[in-house]
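Reader: Can you walk me through this one? I'd like to start with helix packing, then sheets and the ligand.

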Amino acid sequence: RTTAPPELTVTGVTVRFAGLTALDAVSFTVAPGTVHALIGPNGAGKSTCFNVLSGLCRPASGAVRLGGAELTRLAPHRIAALGVARTFQNIVTTRGTVADNLMLGRHALSRAGFAASALRLPRARREQRAHLDRAREIARLVGLEAHFDSPVGLLSYGDRKRVEFARALCLEPRVLLLDEPVAGMNAAERAATARVVDTVRAELGLSVVLVEHDMGLVMRIADEVTVLDFGRAVAHGTPDEVRRDPEVLRAYLGT
Ligand code: ADP
Ligand code: MG
């Protein structure tokens, strides 16, 4: 990639659930090519924010923009097609090989489509080979190359989380939303995932929005942090700045 990803802006986004304000006029900007962490106590609104960014939740007001494109209220597949891909905290794949799972991601991009490839038309077969090559390259980027043809069910938990990561990358996103990518991992797997985030940012030149409870990881890989508390963005800054912010200490430690 030669061009930087577009800027992602969230402006005054408000989400209400039957009397509860899950997000209250939240605004933040993800600068091109940076890692932006969303942190905050349980129930602060982090997952709701990801759901708005990926089109699973429609805000009552506010806007989400990617470069010149307005994403607010688009259907999830349209948002994905505009370059925003996400992983889920709890969905971990158990069926098929790593290659099968990554090719599912590639099929979403395929112009020839399933029907043409089932008929083995020459153009579809060429396209299929190109997708397989790209899927293998992405597996290499996330450190799964040795497992490319292995059944996902035989992989370690950390490797299966990495399959989710790689599948999102197979959509060729400009912005990758990672929901607690190291939850449940051991120290070695956490360190490996942090290196993978660094690698994909450097090699694919994408922006990353990260929801993560592991503060060590956030401090190490985030360029900027937005702190949510009771649906409000109470602090923005570098990891060092937010770590010292009295509002942040209050949100985490109670008044
Ligand atoms: P976080 O991810 O920061 O822990 P969430 O975004 O999941 O927080 O939740 C924010 C608030 O919104 C919580 O009080 C939660 O109970 C509530 N909430 C989230 N999703 C729904 C929903 N679909 N219906 C009703 N309330 C919800
Ligand atoms: Mg959550």
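Reader: What is the handedness of the crossing of helix 3 and helix 5?
Author: The crossing of helix 3 and helix 5 is right-handed, meaning the near helix is turned clockwise from the far one by less than a right angle. Helices here are DSSP runs of H or I with at least four residues, strands are runs of E with at least two, and both are numbered from the N terminus. This is a predicted model, where local features need pLDDT of at least 70, side-chain atom pairs count only at pLDDT 80 or more, and totals for chains, interfaces and linings use all residues. Residues are numbered from 1 along each chain as its sequence is written, with chains lettered from A and ligands numbered from 1 in the order in which they are written.

Reader: At what angle do the axes of helix 3 and helix 5 cross?
Author: Roughly 115°, with the axes of helix 3 (residues 98-107) and helix 5 (residues 122-141) coming within 9 Å. Axes are lines fitted to C-alpha atoms, for helices over the stretch in contact, and angles run from 0 to 180 degrees between N-to-C directions.

Reader: Which residues in helix 3 meet helix 5?
Author: Val98, Ala99, Leu102, Met103 and Arg106. Among their counterparts in helix 5 are His131, Leu132 and Ile138; contact means C-beta atoms, placed from the backbone, within 7 Å.

Reader: Sheets next. What is the strand order in the open sheet of six strands?
Author: The order is 6-7-8-3-9-10, with mixed pairing; strands pair if DSSP finds at least two bridges between them. Strand 6 (84-86) and strand 10 (232-237) are at the edges with a single partner strand each, so one side of each has no neighbour in the sheet. Strand 3 (residues 35-39) and strand 9 (residues 224-229) run parallel, joined by four bridges, and Ala37 has Val225 as its bridge partner in strand 9.

Reader: And the open sheet of four strands, what order?
Author: That one runs 2-1-4-5, with antiparallel pairing. Strand 1 (residues 8-17) and strand 4 (residues 61-66) pair over five bridges. Helix 1 packs on this sheet, touching strand 1, strand 2 and strand 4.

Reader: What gives the largest share of the shell around ligand 1?
Author: Helix 1, with three residues. The surrounding residues include Phe17, Asn42, Lys46, Ser47 and Thr48, where a residue counts if its C-beta atom, placed from the backbone, lies within 6 Å.

Reader: What is the average pLDDT?
Author: The protein averages 89, and 93% of the residues score at least 70; pLDDT is the predictor's confidence in each residue, from 0 to 100. The model scores ipTM 0.98 and pTM 0.89.

Notes. Contact = placed C-beta atoms within 7 Å.
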